[in-house]
Amino acid sequence: MKLTIERAALLKALNHVQSVVEKRNTIPILSNVKIEAKGDRASFNATDMDLDIAEKVAAEARRAGSTTAPAHTLYEIVRKLPEGSQVELEHGGGDGQLTLRSGRSKFALPALPVEDFPAMSGGEMPHSFTLSSDELKTLIDRTRFAISSEETRYYLNGIYLHGAESSGVRVLRAVATDGHRLARVEVPLPQGAAGMPGVIVPRKTVNELRKLLDETEGDVAVALSETKIRFAFGDAELTSKLIDGTFPDYERVIPRDNDKILEVDRVQFSQAVDRVSAISTERSRAIKMSVEKGALTLSASSPEQGSAVEELEATYESTPIEIGFNSRYLLDIMAQIEGDAARFAMADAASPTVVREVADGSALYVLMPMRV
Amino acid sequence: MSGAAIRKIIHVDMDAFYASVEQRDDPGLRGRPVAVGHAARRGVVAAASYEARAFGVRSAMPSVTARRLCPDLVFAPPRFGVYRDVSRQVRAILEQYTPLVEPLSLDEAYLDVTANLRALPSASATATEIRARIRAETGLTASAGISYNKFLAKLASDHRKPNGQFVVTPDRARDFLATLPVAKFHGVGPVTAARLNRLGITTGAELARQPLELLEREFGKMGRWFFAIARGEDGREVLPDRPRKSSGAETTFAEDLTDPARIEAGLAAMADEVWGWCARSESLGRTATVKIKYADFRLVTRSRTLATPIDSRALLGATALDLLRSVYPLRTGIRLVGVTLSGFASGDTGTAQLDLDLGGGADGEAARAAG
């Protein structure tokens with residue numbers, strides 16, 4: 001195999017694939033990136049056995065072939081090469097080393113046989129549909145902060161993607177919860193998604209996907225089966241196993257009848273929460289909301305740090321209520337609200353509260369209070 | 001002092017607490033030497049009344065020794081439930097003076113009264129009032145030490161015991177410490193005291209003369225602490241509701257045991273006791289430690305830290321048993337076994353995050369089987 005490629009193109013591809021590769025690997029081949037040269041293309045491929053990213057870039061294949069080399073080392077080298085340089089990768093086959101030449105630099109890296117590289121067979125993916133990259137970003141951004149990292153409830157360690165019906169409209173929904181809060185966001189159901197099973201996309205896949213989306217503007221083709229999902233966009237393709245589990249019946253924790261309705265200015269509220277939370281302890285991050293007609297008072301106190309109080313104007317007509325929340329959770333939700341106003345629907349200090357954007361009903365957050 | 005305001009710390013210490021409670025509740029015991037504990041051959045004294053202390057009886061002393069020192073000693077079996085109730089009563093009084101109350105055990109606590117919520121003229125006046133109220137509401141006496149840090153407050157409470165109080169102001173601290181034996185200093189146990197004495201350091205004044213380098217060389221990190229306290233410096237804050245770091249229980253067998261079945265039964269009982277506390281306090285630890293004291297008083301501990309909290313009586317029992325069995329085969333009898341659980345998840349401080357009622361999710365296998 002022998003190919004030449006522009007440094008920028010190589011760096012971009014390696015950047016994408018190397019982040020899948022775990023820093024510490026007990027299986028040597030999993031530290032490697034698979035490189036394949038053919039015609040005017042080079043493809044790069046890395047996997048951790050659960051998640052696989054493949055990317056094709058323009059290159060000049062002088063001799064077709066393939067090999068594998070350490071992903072992080074290769075990435076570090078290419079990162080440090082001068083901008084605008086040309087890179088040549090050459091591998092003589094068999095047990096030989098991979099040679100990288102660029103300008104006056106020359107590197108020889110250990111290669112491992114391409115036959116040992118685990119291919120993640122996609123298998124048949126009977127369901128496929130297209131989402132715009134913006135829709136996919138929305139589904140991820142507004143839910144992923146709520147993904148649980150608790151390993152015992154591994155079925156919560158991802159985003160639950162499934163078809164549903166919302167006020168008579170068919171939607172594609174993303175839901176995540178860590179048992180303290182829940183985020184649910186929906187977009188119109190794309191064509192082809194109607195019969196899809198509910199799937200749980202693991203956190204690592206979500207994060208890698210989100211990185212790739214930063215550089216994408218077009219559509220993303222999604223294909224899935226009961227066990228795997230694939231996202232294809234431009235020259236990159238990400239294939240992942242799904243979490244084998246059943247997402248809980250989340251609808252049961254979304255209250256329908258909360259009648260204490262509070263509306264706040266999103267920016268003012270976030271800033272006030274941020275200030276007052278400086279006092280709440282690192283561990284609990286508890287903050288108290290005292291709501292009465294037309295006004296909201298945020299307060300926090302801790303034996304070590306003192307106390308803080310801040311009053312805000314707010315729209316509220318119901319009977320007064322005092323309710324505590326984790327300030328971090330409040331800020332996480334506010335960060336995902338784009339409009340000016342946020343609406344809290346509360347029942348009491350020990351029951352779930354619903355938070356929504358006033359102007360946009362597509363996202364819904366459920367937040368469990370703290371006892372304060 | 002570096003610009004920071006001078007703090008006002010009170011150390012409240014109940015006088016001969018357990019023994020005083022027994023004397024309060026049983027008039028027949030008043031004025032007599034009383035030891036709380038069991039007279040049994042291998043029992044120990046948990047607390048001694050002042051009358052008993054006059055004979056040299058001390059807490060943690062074997063009952064046999066205590067009896068020898070004081071043939072008229074009356075043993076009262078401990079009633080920890082009652083002590084806990086009285087302790088709570090005292091705590092409630094203390095908390096009316098400041099939210100910054102740090103209990104050290106059932107019978108002593110630190111208070112930070114810098115904020116002076118009751119607008120009393122001084123910390124001394126606060127201490128006087130607290131002691132009077134403890135006396136009125138529980139019928140028991142307490143002593144108090146008042147100073148500008150915990151170290152000095154605790155030393156001061158010991159100074160006029162029983163039923164007295166003592167103030168150490170910043171300008172009097174050096175003089176106060178100068179004549180005290182180093183063995184009385186916080187962090188100086190019998191072994192360290194002996195080492196200090198060998199270096200010719202027996203009093204606070206001598207300790208204060210030592211350069212920091214020497215103390216650090218001899219005692220490592222503790223050396224720095226000794227250097228500071230010899231100057232009356234202690235920056236430790238009063239931490240209310242100190243989260244408990246471990247929970248343990250141990251038992252001394254009536255005779256040394258070699259029969260695994262009986263040893264294991266004793267261990268299981270201790271594991272149950274620890275689990276009882278965990279369940280009541282909703283605290284789950286990840287580290288189980290088993291302590292074994294052999295007939296020759298040799299002490300060994302074996303511990304194991306699990307990846308997830310020990311969340312059932314069965315798991316705690318099994319882990320403890322595993323640890324015990326790691327010292328088999330026994331070459332000598334066992335005198336004592338204990339179980340301790342530590343490594344608690346960050347405890348809450350009265351606030352608690354409530355959970356969404358998600359019900360159970362399920363793994364794929366179970367779901368498929370059910371579906």
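Predicted model: local features only at pLDDT ≥ 70, side-chain atom pairs only at ≥ 80, totals over all residues.

Me: What is the peptide bond from K161(B) to P162(B), cis or trans?

Reply: The general idea is that most peptide bonds are trans. The bond from K161(B) to P162(B) is cis, with omega near -10°.

Me: Which residues does the other cis peptide bond, with omega about -5°, join?

Reply: That one joins Y328(B) and P329(B). You'll find P329(B) in the loop between α13 (313–325) and β12 (334–344) of chain B.

Me: While we're in chain B, how many helices and strands are there?

Reply: Chain B has 14 helices and 14 strands. Of its 371 residues, 43% are buried. Take the contacts between residues at least 6 apart in sequence: 61% of them join residues at least 24 apart. As for surface, chain B exposes about 18800 Å², and carbon and sulfur atoms supply 52% of that.

Me: Where does S167(A) lie?

Reply: S167(A) is in the loop between β11 (158–166) and β12 (169–177) of chain A. S167(A) also has a positive phi, about 45°, without being a glycine.

Me: Is S167(A) buried or exposed?

Reply: Exposed: the relative accessible area of S167(A) is 74%, and the cut-off for that class is over 50%. M49(A), at 40% relative accessibility, counts as partly exposed.

Me: Last one, helix packing. At what angle do α3(A) and α4(A) pack?

Reply: Start with the angle and the axis distance. Helix α3 (residues 133–141) and helix α4 (residues 203–213) of chain A pack at about 140°, with their axes 10 Å apart. Roughly antiparallel needs over 145 degrees, so α3(A) and α4(A) are oblique to each other. The crossing of α3(A) past α4(A) is left-handed.

Me: Which residues of α3(A) and α4(A) meet?

Reply: From α3(A), S133(A), L136(A), K137(A), I140(A) and D141(A) touch V206(A), L209(A), R210(A) and L213(A) of α4(A). By class, that contact has five nonpolar, one polar and three charged residues.

Terms used: Residues numbered from 1 in each chain as written. Chains lettered and ligands numbered in written order. Heavy atoms only, no water. Axes fitted to C-alpha atoms, helices over the stretch in contact; angles between N-to-C directions. Helix = DSSP H or I, 4+ residues; strand = E, 2+ residues; numbered from the N terminus. Parallel < 35°, antiparallel > 145°, perpendicular 65-115°, else oblique. Left-handed = near helix turned anticlockwise from the far one by under 90°. Contact = heavy atoms within 4.5 Å. Nonpolar A, V, L, I, M, F, W, Y, C, P; charged D, E, K, R; others polar. Buried < 20%, exposed > 50% of the residue type's maximum accessible area, 1.4 Å probe, protein only. Areas by Shrake-Rupley, 256 points an atom, 1.4 Å probe, with all protein chains shown as cover.
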